Amino acid sequence: MDDNRVYVFDTTLRDGEQVPGCQLNTIEKIEVAKALELLGVDVIEAGFPISSPGDFQSVVEISKAVTWPTICALTRAVEKDIDVAAEALKYAKRGRIHTGIGTSPYHIKYKLNSNQDEIVERAVAAVKYAKKYVEDVEFYAEDAGRTDNVYLARVIEAVIKAGATVVNIPDTTGYCLPNEFGEKIRFLKENVKGIDKAVISTHCHNDLGMATANSVSGIMNGARQVEVTLNGIGERAGNTSLEEVVMTLRSHKELELFTNINTKNIYKTSRLVSSLMNMPVQPNKAIVGRNAFAHSSGIHQDGVLKNRENYEIIDPAEVGINESSILLTARSGRAALKHRLEILGFKLDKAKLDEVYEDFLKLADKKKQIKDDDLLVLLGELGKGDRRIKLDFLQVVTGKDLVPMATVKLDIAGEKFTATESGNGPVDAAISAVKDIIHRKVVLEEFLIQAITRGSDDIGKVHMQVESEGVIYNGFGANTDIVTASVEAFIDAVNKIGNGTGNKI
């Protein structure tokens, strides 16, 4: 085993799914499991088979659906649990039984009504029994964070001797301080006979907000498996966040530690889990929150525009986000305003920029955030000015049991062109017709509709982002007819292709 590699054990589908209201059905769990496989996790804890028929079936189906990650099933130190887990894992290419028992004074006395000697016996018996079914057996010492280190070492030494291949040291209640947890791992490394025969794993909870810090401290002191969830979801305040640990190790190259995670899949996997579990990611969540790479302070914006690394230790592209967000607010400076105007296709001299900036600040004091159409109003450019391609005519036929059809006539540098196309909806049909005329490969990346006014005669504004030959272009349209606004936005973006107002991906 490469001593510099940290194995990622993902428990989103077991510990993460224990959040009230976040339960997934088997089909959804398979979708997440396949995404975790593409992400590059080493172990997927697929469920607790004895807990319910649904959990049992999920472990069975996930075992069939994924190829290279180890599939893990959780049990208590109970033979029946282990029997059921083994049955659920029968289709796994690589199966692991994760069994264990509480080791802290609280668990031994109040939960298990037992004593230290008996706990050691039960732990050893469980590991030996699981070894009858699989070679790969992980043992968890529940509430290890509040377990005396000398006794914990005694338990861990006994289960390794019994055949445990991984020993999990959970901070079940999120109680430990980072230095305390790291010292616990170091104590085991230095005092457990045979510790080199097993991988030490961390499993930290976030009750005091230190799950990631404790996990990283554990890794720095010798742990080589980290148990995590996407977005840090889990019991109570949650588990250690996969994305935070992975990007911490990636950012601190001096640690010389690495994982198998394909970091460019982090953001989309995070969004998949958030969507399926109906659990929004908090905006200021590290790595995957919508504000993680957003800048609104003028000083920060100027620094980022000059050199991203002034205020960002991670390139957004590393986690699958196209670019940082420069948000225009009353705290924004001229550099951010100039940057956004150039994206919209406007290059102003210093005098004009100063004039627009004064009006911008007055408007920004009244609004939380300035949008692109607000800037267009400030510039008096809602009419878009001269454009090579213009919409001359649009007719759409749609309705119940009708295939949406659109006829579009464009004026291109004075010449008229017409096309008719069908589509999944009226907007899709109309844009397909435009594409027929312009004969250019353009991929729609983002499509956002908002209302400018209220009521049945709303003016709808459309923001469209398209990609052509590796460059992103933005287009905007506004109309009481949302299909017309959408086509205008698409044409606006297409008009910018080739004029240097796009952003390279």
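# Reading the terms in this structure

Q: In which loop does Lys197 lie?
A: Lys197 lies in the loop between helix 7 (178-191) and strand 7 (199-204). Helices (H or I, at least four residues) and strands (E, at least two) are runs assigned by DSSP and numbered from the N terminus. The model is a predicted one, in which local features need pLDDT of at least 70 and side-chain atom pairs count only at pLDDT 80 or more, while totals for chains, interfaces and linings use all residues. Residues are numbered from 1 along each chain as its sequence is written, and side-chain values use heavy atoms, with hydrogens and water left out.

Q: Why is Lys197 called exposed?
A: The relative accessible area of Lys197 is 65%. A residue is buried under 20%, exposed over 50% and partly exposed in between (1.4 Å probe, protein chains only). The value for Lys197 therefore places this residue in the exposed class.

Q: What makes Lys197 part of a patch of positive charge?
A: Lys197 gathers with Lys128, Lys161 and Lys193 on the surface. Patch members have over 30% relative accessible area and no salt bridge; like charges are joined within 9 Å, and nonpolar side chains (Val, Leu, Ile, Met, Phe, Trp, Tyr) within 5 Å. Lys and Arg count as positive, Asp and Glu as negative, and His and chain ends are not counted. A charge is placed at NZ of Lys, CZ of Arg, CG of Asp or CD of Glu.

Q: Which residues form a nonpolar patch on the surface?
A: Val397, Leu402, Val403 and Met405 form this patch, with about 340 Å² of accessible area together; such areas come from the Shrake-Rupley method with a 1.4 Å probe, and for residues only the protein chains shown count as cover. Leu402 belongs to the loop between strand 11 (389-397) and strand 12 (405-412). At a relative accessible area of 47%, Leu402 is partly exposed.

Q: How many aromatic pairs does the structure hold?
A: The structure holds 2 aromatic pairs. In one of them, Tyr129 and Tyr133 are edge-to-face, with 6.0 Å centre to centre and 75° between the planes. Rings of Phe, Tyr and Trp (its six-membered ring) pair if their centres lie within 6.5 Å; planes under 30 degrees apart count as stacked, over 60 as edge-to-face and the rest as tilted. The angle between Tyr129 and Tyr133 therefore gives the name edge-to-face.

Q: Are Tyr129 and Tyr133 buried or partly exposed?
A: Tyr129 has 14% relative accessibility and counts as buried, whereas Tyr133, at 41%, is partly exposed.

Q: What parts of the chain does the pair of Glu142 and Lys111 tie together?
A: Glu142 and Lys111 form a salt bridge, their closest N and O atoms being 2.9 Å apart. Glu142 lies in strand 5 (residues 136-142) and Lys111 in helix 4 (residues 105-111), so the pair ties together parts that are 31 residues apart in sequence.

Q: Why is Asp143 called buried?
A: Asp143 has 0% relative accessibility and therefore counts as buried. Its salt-bridge partner Arg146, at 3.0 Å from N to O, is partly exposed at 27%. Elsewhere, salt bridges that share partners join Arg334, Lys350, Asp354 and Glu358 into one network.

Conventions: Salt bridge = Lys/Arg side-chain N within 4 Å of Asp/Glu carboxyl O.
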